[in-house]
Amino acid sequence: MTERQPFGRPAAEEAPPPPLSPDAVVDLASARRESGVDDVLATLGEELVGLVPVKTRIAEIAALLLVDRARERFGVTAPRPTLHMSFTGNPGTGKTTVALRMAELLHRLGYLRSGHLVSVTRDDLVGQYVGHTAPKTKDVIKRAMGGVLFIDEAYYLYKAENERDYGGEAIEILLQVMENHRDDLVVILAGYADRMDTFFAANPGMQSRIAHHITFPDYSAAELELIGVLMARALGYRFSPEAHQVLRRYLNRRVGQPWFANARSVRNAVERARLRQARRLLEGPDPRVGLAALTTIEAPDLLASRVFEDTAESESIAG
Amino acid sequence: MRLTQGTFSYLPDLTDEEITAQIRYALDNNWPLSVEFTDDPHPRNTYWEMWGLPMFDLRDAAGVLMEVNACRTANPNAYVRLNAYDARLGRQTTALSFLVQRPAAEPGFRLDRAEGADRRIAYTTHAYATERPAGDRYTRG
């Protein structure tokens with residue numbers, strides 16, 4: 001039998017390139033241009049309205065990447081930063097949307113190998129009988145390797161009232177993976193603020209393993225208006241000037257009403273305006289329509305909303 | 001005797017980094033991987049034990065390597081191989097298959113000649129390891 005290296009062990013340490021001398025200077029600006037970080041941040045700024053804390057944190061992570069690369073050239077290395085995140089905020093503040101973008105973003109920043117996102121809820125992680133949970137959770141984790149594991153409504157994993165619930169097992173495995181496979185995947189938990197706080201209080205290990213706790217603030221009325229316009233544009237619609245005014249009034253009113261869900265309420269408003277616009281065109285006096293008519297949402301489409309119901313305003317404007 | 005089966009078998013044993021690189025190559029080609037192990041590595045034994053189902057839903061090499069390591073831990077004295085399956089119409093076959101673990105000591109094979117009528121000779125390859133019952137092979141020495 002010949003002498004040989006067994007499987008799984010490197011034959012010899014590969015020599016790293018010689019580090020720069022301590023008095024050398026690295027140009028961060030050119031490194032920044034080469035990495036394409038600015039493109040990533042610019043598209044993010046354009047496509048997401050508001051969300052300042054989120055954008056700040058992403059800019060920080062991107063900056064750390066560049067600085068780490070520069071440090072590496074001097075021979076100073078540090079392990080990859082922990083990137084596990086938790087997104088908390090009220091309904092409709094964009095937690096899921098940002099998580100979807102985060103995978104692609106971290107991939108482009110060079111922190112993730114493949115940049116795909118595996119979105120799961122309690123059902124996908126927790127089994128139905130003893131011994132079912134661990135393989136199920138591990139399967140999900142293996143699928144998410146190289147990308148982002150996004151756990152929506154993460155507080156459902158832990159049920160305080162039932163101590164025989166299998167959710168605890170899933171959390172245990174997650175914790176282990178978040179620690180040991182930090183280079184392989186990023187775990188993002190999302191949920192409503194108050195319930196996430198209870199969840200973290202019950203699982204302090206989870207709380208401490210997540211480096212980035214990002215709170216999604218509620219949108220201001222002006223931001224909601226911009227979101228409404230962007231959503232309509234994505235659907236191939238635009239607001240007429242009067243409709244734009246009405247949209248602003250609509251949002252000012254809607255914010256104060258019960259069950260307001262930020263961007264989700266805006267989306268619903270736009271969807272309903274679409275329906276009313278379609279009906280208005282079909283039942284209108286002139287059956288011939290042009291492109292402008294088909295793509296414009298007029299003031300009455302919004303004024304018919306229930307939000308305006310309790311005042312005489314709708315009649316006074318429509319009439 | 002060093003067993004030579006599958007791709008890369010005449011090279012030194014692959015390191016985990018090299019295995020990861022091969023897995024990545026297979027995944028980049030859309031070849032799902034599967035892990036198999038055996039203690040009967042006769043060249044005609046095509047049916048190795050499956051370690052779980054083929055991993056059709058994995059996108060990253062780290063997940064596959066996790067399964068390889070799980071199989072290595074459970075079967076430290078067996079041969080373990082990775083198969084990559086190319087499902088494209090017209091190919092539909094194993095595209096890549098290589099060993100990722102071998103037992104510490106490999107006793108090897110011997111050639112048996114059986115003389116028949118009319119000076120005919122039948123040849124058989126006999127693995128010394130199979131002289132012991134399954135599960136007990138490669139455990140000593």
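**A parallel sheet in chain A**

Q: Over how many bridges do S2(A) and strand S3 (residues 148–152) of chain A pair?
A: This is a predicted model, where local features need pLDDT of at least 70, side-chain atom pairs count only at pLDDT 80 or more, and totals for chains, interfaces and linings use all residues. Residues are numbered from 1 along each chain as its sequence is written, with chains lettered from A and ligands numbered from 1 in the order in which they are written. Val118(A) stands opposite Leu149(A) in S3(A). The two strands (DSSP E runs of at least two residues; pairing takes at least two bridges) run parallel, and the count is 4 bridges.

Q: What is the strand order of the open sheet in chain A?
A: Look for the edges to begin with: S2 (117–120) and S5 (212–216) of chain A each pair on one side only. The twist averages 20° from one strand to the next. With parallel pairing, the 5 strands are ordered S2-S3-S4-S1-S5.

Q: Which helix of chain A packs on the sheet?
A: The packing element touches S1, S2, S3, S4 and S5 of chain A (contact: backbone-placed C-beta atoms within 7 Å). Its direction makes about 170° with that of S4(A), on a scale from 0 to 180 degrees between N-to-C axes fitted to C-alpha atoms. The name is helix H4 (residues 95–109).

Q: What radius of gyration does chain A have?
A: The C-alpha atoms fill a box of roughly 95 × 55 × 40 Å along the principal axes. A compact globule of 319 residues would come near 20 Å, by the rule of 2.2 Å times the number of residues to the power 0.38. Chain A instead has 26 Å.

Technical notes
Contact = placed C-beta atoms within 7 Å.
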